[in-house]
Amino acid sequence: MTALSMLAQNDGKRYDPNDPEQQECLRKAKCYIDRTVDPPIIRYIEDDNDDYEIIGWVWLTTYGELKTNGVKVAKGDGYFIYNNKKYSPGVYYLIRKDGHTILVSEEFLKSL
């Protein structure tokens, strides 16, 4: 069984920031943290394309609480600002692809 198929079997497991398999899966953009449930869980992304990497995330809750990891943002009233652009509440991931970084929504990431 390959490492990625093992990670696919972990789909839906509770997120553990100390789990090295989960961290590797997140780093390689094969998984994402589903924070729409409590406690957060890991979701596996089926994709054969290894040309992007998640390097950070931002979560602005509907209650205005801002959480970030590896992304510098400014908080506004009901939104946050990244690179002079306003973002509404939700989960966003900072993706590195072909040497460029972009901030994408969780919905966009799920569609990849």
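## Largest pocket

How many nonpolar, polar and charged residues are in the lining of the largest pocket? In this predicted model, the lining has seven nonpolar, three polar and two charged residues. The volume of this largest pocket is about 190 Å³.

The lining residues are Y15, Q23, L26, R27, I33, R35, I54, I55, G56, W57, N69 and Y93. Two elements give two or more residues each: α2 (20-27) and β3 (52-60). Strand β3 provides the largest share of the lining, four residues.

## Nonpolar cores

The largest nonpolar core has 17 residues. Those with the most contacts inside this core are L26, I33, I42, Y93, I95 and L109. At least two core residues come from each of α2, β1 (31-34), β3 and β8 (90-97). Strand β3 again gives the largest share, four residues.

L109 touches Y32, I45, Y52, I54, Y93 and I95, leaving aside residues up to four places away in sequence. A second, separate core holds nine residues, including V58, V71, Y82 and Y87. In soluble globular proteins, nonpolar side chains tend to be buried together.

## Three-stranded sheet

An open sheet of three strands runs in the order β5-β6-β7, with antiparallel pairing. Strands β5 (74-75) and β7 (85-87) stand at the edges. Each has a single partner strand, so one side of each is left without a neighbour in the sheet.

Strand β6 (residues 80-82) pairs with β7 over three bridges, in the antiparallel sense. Y82 has K85 in β7 as its bridge partner. Y82 also belongs to the second core.

Conventions:
Residues are numbered from 1 along each chain as its sequence is written. This is a predicted model: local features need pLDDT of at least 70, side-chain atom pairs count only at pLDDT 80 or more; totals for chains, interfaces and linings use all residues. Side-chain values use heavy atoms; hydrogens and water are left out. On a 1 Å grid over the protein atoms alone, a cavity is a set of points where a 1.4 Å probe fits but cannot get out, and a pocket is an open set with protein on both sides within 12 Å along at least five of seven lines; lining residues have an atom within 4 Å of a point. Grid points are joined across faces, edges and corners, and a volume is the space filled by probe spheres set on the points. Ala, Val, Leu, Ile, Met, Phe, Trp, Tyr, Cys and Pro count as nonpolar, Asp, Glu, Lys and Arg as charged, and the others, Gly among them, as polar. Two strands pair if DSSP finds at least two bridges between them. A nonpolar core is a set of buried Ala, Val, Leu, Ile, Met, Phe, Trp, Tyr and Cys residues joined through side-chain atoms within 4.5 Å. Buried means under 20% relative accessible area, exposed over 50%, partly exposed in between (1.4 Å probe, protein chains only). Contact means heavy atoms within 4.5 Å.
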